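User: I am new to reading protein structures. Could you take a close look at one loop with me, and then show me how the rest of the chain is put together around it?

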Amino acid sequence: MLELFKRYGGVTNRFSVLSTNHLNQIHAAFSPVDLMGVELILQGKEAPTAKAFTGRARARPAGETPGSQQR
């Protein structure tokens, strides 16, 4: 995917980063130049910003998490 971006340009690539460990692995595997066309979206518990509170998450009662509903 990154090679195609280098060759043709276009839309910025987005990587969802779910933990600090994953972020460290990405930085170890790719150089800053490799990541020029990549937007790293920090979405783990350690992320500095919260995910958007929309859709099903907004409709869920306070304190309820996905999968906590008993059927």
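Analyst: Let's start at D34, which sits in the loop between α2 (20-29) and β2 (38-42). Keep in mind that this is a predicted model. Is D34 buried, exposed or something in between? Its relative accessibility is 24%, so D34 counts as partly exposed; a residue has to fall under 20% to be called buried. Now look for E3. In sequence, D34 and E3 are 31 residues apart, yet from C-alpha to C-alpha the two are 9.1 Å apart in space.

What about the two strands? The side chains of R14 and E39 form a salt bridge, with 3.1 Å from N to O. R14 belongs to strand β1 (residues 13-17) and E39 to strand β2, so this pair ties together parts that are 25 residues apart in sequence. The structure holds one salt bridge, so this pair is the one to look for, given that a Lys or Arg nitrogen must come within 4 Å of an Asp or Glu carboxyl oxygen. How open are its two partners? R14 has 62% relative accessibility and counts as exposed, while E39, with a relative accessible area of 34%, is partly exposed.

Next, turn to the nonpolar side chains. In soluble globular proteins, nonpolar side chains tend to be buried together. Here, the largest nonpolar core has six residues: F15, V17, L23, I26, L35 and V38. Both β1 and α2 supply at least two residues each to this core.

Finally, zoom out to the whole chain. Of its 71 residues, 15% are buried. The chain exposes about 6100 Å², and carbon and sulfur atoms supply 55% of that area. Looking at contacts between residues at least 6 apart in sequence, 58% join residues at least 24 apart.

How values were computed
Residues numbered from 1 in each chain as written. Predicted model: local features only at pLDDT ≥ 70, side-chain atom pairs only at ≥ 80, totals over all residues. Heavy atoms only, no water. Buried < 20%, exposed > 50% of the residue type's maximum accessible area, 1.4 Å probe, protein only. Contact = heavy atoms within 4.5 Å. Areas by Shrake-Rupley, 256 points an atom, 1.4 Å probe, with all protein chains shown as cover. Helix = DSSP H or I, 4+ residues; strand = E, 2+ residues; numbered from the N terminus. Core = buried A, V, L, I, M, F, W, Y, C linked by side-chain atoms within 4.5 Å.
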